[in-house]
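Subject: Structure handover

Hello,

Here is the structure I promised to pass on. Please open it alongside this message.

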Amino acid sequence: MIDFHCHLDLFPDPVSVADRCDKDGIYILSVTTTPTAWHGTKKLERSRIKTALGLHPQLAHQRGSELPVFDKLLAETRYVGEIGLDCAPEFKGYWGDQLNVFRHILAACGEAGGRIMSIHSRRASRPVLDELQSNPDAGVPVLHWFSGSLRDLERAIDIGCWFSLGPAMLQSSRGRNLAARMPKDRVLTESDGPFAQLSGRALLPWDVMLATRHLAAMWEMTHEQTALHLNANLKRLLSDGASG
Ligand code: MN
């Protein structure tokens, strides 16, 4: 199983979640929301748990001052996230800060030789794609919980984006409609726990099983074939993706 976008450090008992994932052999990309969370989150690494260095767009106005910390740590990882832009009403007012932070990070990733990046694009898929296109050396973008238009989806596919999809996204027909148009060889699963919820409960990494089930139905494959296909995708991303 693969959870390519999870906020492991934000669960009430992160150590026991990490231990269970380790025991169950779940591959995790443990994303951070601020650069200063890096060291604490890295302590949760196990053999299949990797930590991504991030600065969440919803925190750009409060934590933009941590960019020097980001720059200092970037050499230590090949994964960056959660980064991106958010144009929901409550964050629109900080658009300038968000753009500064996102542009700084994409440029830094480019200078560092490219990174695998987990990217947030809520109500902002078009500007996110504009920035990615302006920074082609930044690495491989993995758009997490993509919810843009079909047109933006086509553009994202054209510029080489990957997609990570979770049970909450695949719960809606709109999400499934987008997922059905994504290239099967550029899709991974995610939980986005504990932020993402299903039936009023925070999702846990092993809930990616539910996303795998949706994908199996969509791709008309067995659950086992789907899991193998997703593993092969991850392997290819890690071998072709930005080395750093
Ligand atoms: Mn997230």
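This is a predicted model: local features need pLDDT of at least 70, side-chain atom pairs count only at pLDDT 80 or more; totals for chains, interfaces and linings use all residues.

**Metal site**

Start at the manganese ion. Four residues coordinate the manganese ion: His-5 and His-7 through NE2, Glu-82 through OE, and Asp-192 through OD. The distances run from 2.2 to 2.4 Å. Along the sequence, the donor spacing reads H-x1-H-x74-E-x109-D. Glu-82 and Asp-192 link distant parts of the chain, 110 residues apart. Glu-82 sits in strand E4, residues 79-84. Asp-192 is in the loop between strand E8 (187-189) and strand E9 (197-198).

**Backbone geometry around the site**

Now look at the backbone here. Most peptide bonds are trans, and most residues other than glycine have a negative phi. The bond from Gly-81 to Glu-82 is cis, with omega near 10 degrees. Asp-192 has a positive phi, near 55 degrees, and is not a glycine. A cis peptide bond also joins Gly-193 and Pro-194, with omega about -5 degrees. Pro-194 belongs to the loop between E8 and E9, and Asp-192 lies in that loop as well.

Trp-145 also has a positive phi, about 50 degrees. Find Trp-145 in the loop between strand E6 (139-144) and H8. Trp-145 is partly exposed, with 32% relative accessible area.

**Helix packing**

Two packed helices are described by the angle between their axes and the distance between the axes. There are two pairs to look at, and H7 takes part in both.

First, H7 (residues 125-134) with H8 (residues 150-158). Their axes come within 10 Å and cross at roughly 20 degrees. Angles under 35 degrees count as roughly parallel, so H7 and H8 are roughly parallel to each other. Their crossing is left-handed. On the H7 side, the contact uses Ser-125, Arg-126, Leu-129, Asp-130 and Gln-133. On the H8 side, it uses Asp-152, Arg-155 and Ala-156. By class, that gives two nonpolar, two polar and four charged residues.

Second, H6 (residues 95-111) with H7. Here the angle is about 35 degrees, and the axes are 10 Å apart. This crossing of H6 and H7 is right-handed. H6 brings Trp-95, Leu-99, Phe-102, Arg-103 and Leu-106, which meet Pro-127, Val-128, Glu-131 and Leu-132 of H7. Seven of these residues are nonpolar, none is polar and two are charged.

Ser-121 is placed in the loop between strand E5 (115-120) and H7. Ser-121 is buried, with a relative accessible area of 6%.

Asn-233 is in helix H12, residues 223-240. Its relative accessible area is 1%, so Asn-233 is buried. Setting aside neighbours within four places in sequence, Asn-233 is in contact with Trp-162, Lys-184, Asp-185, Arg-186, Val-187 and Leu-188.

Best wishes

Conventions. Residues are numbered from 1 along each chain as its sequence is written. Side-chain values use heavy atoms; hydrogens and water are left out. Donors are N, O and S atoms within 2.8 Å of the metal (3.2 Å for Na, K and Ca); water is not among the atoms, so sites may look incomplete. Helices (H or I, at least four residues) and strands (E, at least two) are DSSP runs, numbered from the N terminus. Axes are lines fitted to C-alpha atoms, for helices over the stretch in contact, and angles run from 0 to 180 degrees between N-to-C directions. Angles under 35 degrees count as roughly parallel, over 145 as roughly antiparallel, 65 to 115 as roughly perpendicular and the rest as oblique. A crossing is left-handed if the near helix is turned anticlockwise from the far one by less than a right angle, and right-handed if clockwise. Contact means heavy atoms within 4.5 Å. Ala, Val, Leu, Ile, Met, Phe, Trp, Tyr, Cys and Pro count as nonpolar, Asp, Glu, Lys and Arg as charged, and the others, Gly among them, as polar. Buried means under 20% relative accessible area, exposed over 50%, partly exposed in between (1.4 Å probe, protein chains only).
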